[in-house]
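Hi everyone, thanks for coming. Let me bring up the model so that we can walk through it together.

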Amino acid sequence: MNFCLRLVCLLTASLMATHALSQDLSGWSDKTVCRQLLNNPDNTDYVQEADSRGLDCGSSTQNSAQDDTQTSDNTKINVTNKPRGVLSSSKTKKQWNAYKRAKECFEHPTYAAGQGLKLRLRSGEEFAATGWQVPFNNSPISNEKINLRVAPKPFGKITLDEAYGEQNENVELARKWFSSAAQTLRLTNNKQTQDQFKSVLVAWATANALNKGLHVSWGAKPVDWHVMTSIGAILTSTALIADTLSSEERAIVGPWLNRLVAESSAGHWKDRADNKAYMRTYYTMIWAFMTGDKSAAQKAIDIYKLAIHDMRPDGSFPIDTQRGGMGVNYNNYTVSYLVMIAALVNKNTDQNLLDYTVDGRNIHTAVDFVVQSINEPSATNRLYAIPCPGGGDRWGSIESPNKKFIKQASYLMVYADMNPNTEHDSWIRDRYLSSGFIPQAINLVPNLLFHPLKVDPQLKEQLLSKLVDESALGVSSHQLATLVQPIACDFRLRRVVYENSEGGQLENWDMARGRMLLTNGGVKIEGNWLMGGLSTDPSYLKNEVNLKLTKTGHLVGEMAFFLLNVQQGDTPREPLYIELKPHTRSKPLNIINPKDAELWTDVEDWAGGVWQLTGCKEYTP
């Protein structure tokens, strides 16, 4: 009798254990997951749960799971195998619907935890011994010498403002300079221009720049997003001339850049399906193909595959689309990095990662959703966006999301080049085949990084003239005009925001208006500026004008202004820096008959901003 009773109890406990194992493990602690995995190394539920959380449970099973995603340098990279860490069907659907359970963004269970990418740190001797290659299309448009702007000095320590959306001034200056240098290096293979860049790169590496204060203090303490964008700009510009670096230069630059990329790659966030994780992965892949690290490339490919597994059937990504006024923006960023990852794989291995498909969904589905977002941003954003006061609502709202992503979606040209004659091909080319969509956000310069030779000759001419106009003053190619007498013009700095792809204007207002005087000595601002919606107190303005008039009637150089000490509600407004650059739509200023001039620019970092110079005439004191 006692034996039978013990047998019944044993069977009951066994059934209860089996039932428990079939339940959702998301509520288990990391320690419990690891303990169960060590005791049951062949249990796929435990393996997947540990992988999704990025746990290293110290078991041979866990290590072998990681090793399966790596590839030796002699092994062909695999783009078809199913990666480790795929969520169960039940968990995948719960993640898709997480926005329904949360009052605010991110306030939901974690179904697939973020996990870092570990890169090996190599010595200068190792880098010196092995040459690097350019991972992008290495066919320049020109061999013309173009001087780079004066580079910012290298700096070590970064003092972060960790409030959402804030930036560090030194980090931003570095990002802008290396981004601009990357554009220049992509358009010309002139040795003097390359040497000018390499001298700056070696100086920064020798100074061990960006060596302290890179990481935020919250969560898993990843590298700050803004710092990562600067690292990405440094990496991309370096990759564009990687094959020209000598062994001595690689010995200096290699360990420094290795450290920066490794620190970025190791970072992770609450959820793995986060646009920052995909940005970090894109940078990892640039590094991998540049230095020949196929193991790192395979890890990046597997993260791409997991993104497709995590994506909803309509092509949206469940974590980023919930982010309030920036939902469609962050979703767009995710797709941009995935498309660029696929382009790198295609360029360096001649394999097609775009067609990796899970239950009928792939990156083509994601592009469909982006196109829908561009055409109907408000309606699309409302599908999944929820309140996000700390991660999206600063720049827009659920009903009226930020639309900056529409201009930044020029990466779709990469997709169109890899998929010609498809559903969106002509729509993408009609919209983005323009030099106006070559922004300095170096993550999104597809026409330059991959397929510059496929663009039409007119665009090539626009790109070159745009680049020359943006180079530093005093370049020998600029022949400056000699004025018989000064010319005076009115100018307007306008912000124009478009509601939809048909061009309906949502906003059109003057940020600044004033009077400009063109002389043989340069350009001067005459009188006070009138600032739309801001204080007109002249003490709040600091003008920096560095423009000159060429014989062709174009202004070259740049112009900027700072708004100092301006309050925005109860919060002090940060100094506002706007760079103004000539636009190819301009009607050149005729020195003899100046009144017909109409000069336009795009305003960097302001979606839809334009600078208009009109009403020019001979100046009468």
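So, how many helices and strands are there in the protein chain? There are 21 helices and ten strands, where helices (H or I, at least four residues) and strands (E, at least two) are DSSP runs, numbered from the N terminus. Please keep in mind that this is a predicted model: local features need pLDDT of at least 70, side-chain atom pairs count only at pLDDT 80 or more, and totals for chains, interfaces and linings use all residues. Residues are numbered from 1 along each chain as its sequence is written, and side-chain values use heavy atoms, with hydrogens and water left out.

Of the 621 residues in the protein chain, 53% are buried. Buried means under 20% relative accessible area, exposed over 50%, and partly exposed in between, with a 1.4 Å probe and protein chains only. Among contacts in the chain with a separation of 6 or more, 70% are between residues 24 or more positions apart; contact here means heavy atoms within 4.5 Å.

Now, over to Arg280, in helix α12, which covers residues 275-291. A polar atom of the Arg280 side chain does lie 3.1 Å from the backbone oxygen of Gln115. Leaving aside neighbours within four places in sequence, Arg280 is in contact with residues including Gly116, Met228, His268 and Trp269.

Next, the loop between α9 (191-206) and α10 (225-239), where Asn208 sits. Most residues other than glycine have a negative phi. Asn208, though not a glycine, has a positive phi of about 50°, and Leu210, in that loop between α9 and α10, has a positive phi of about 55°. Buried or partly exposed: which is Asn208? Asn208 is partly exposed, at 32% relative accessible area, whereas Leu210 is buried, at 2%.

Last stop: Asn362, in the loop between α14 (327-349) and α15 (363-375). Asn362 is buried, at 10% relative accessibility. A polar atom of its side chain lies 3.0 Å from the backbone nitrogen of His364. Asn362 and Pro313 are 49 residues apart in sequence, and their C-alpha atoms are 8.9 Å apart in space.

Note on methods:
Polar contact = N/O pair within 3.5 Å; in protein donor to acceptor, adjacent residues only side chain to side chain.
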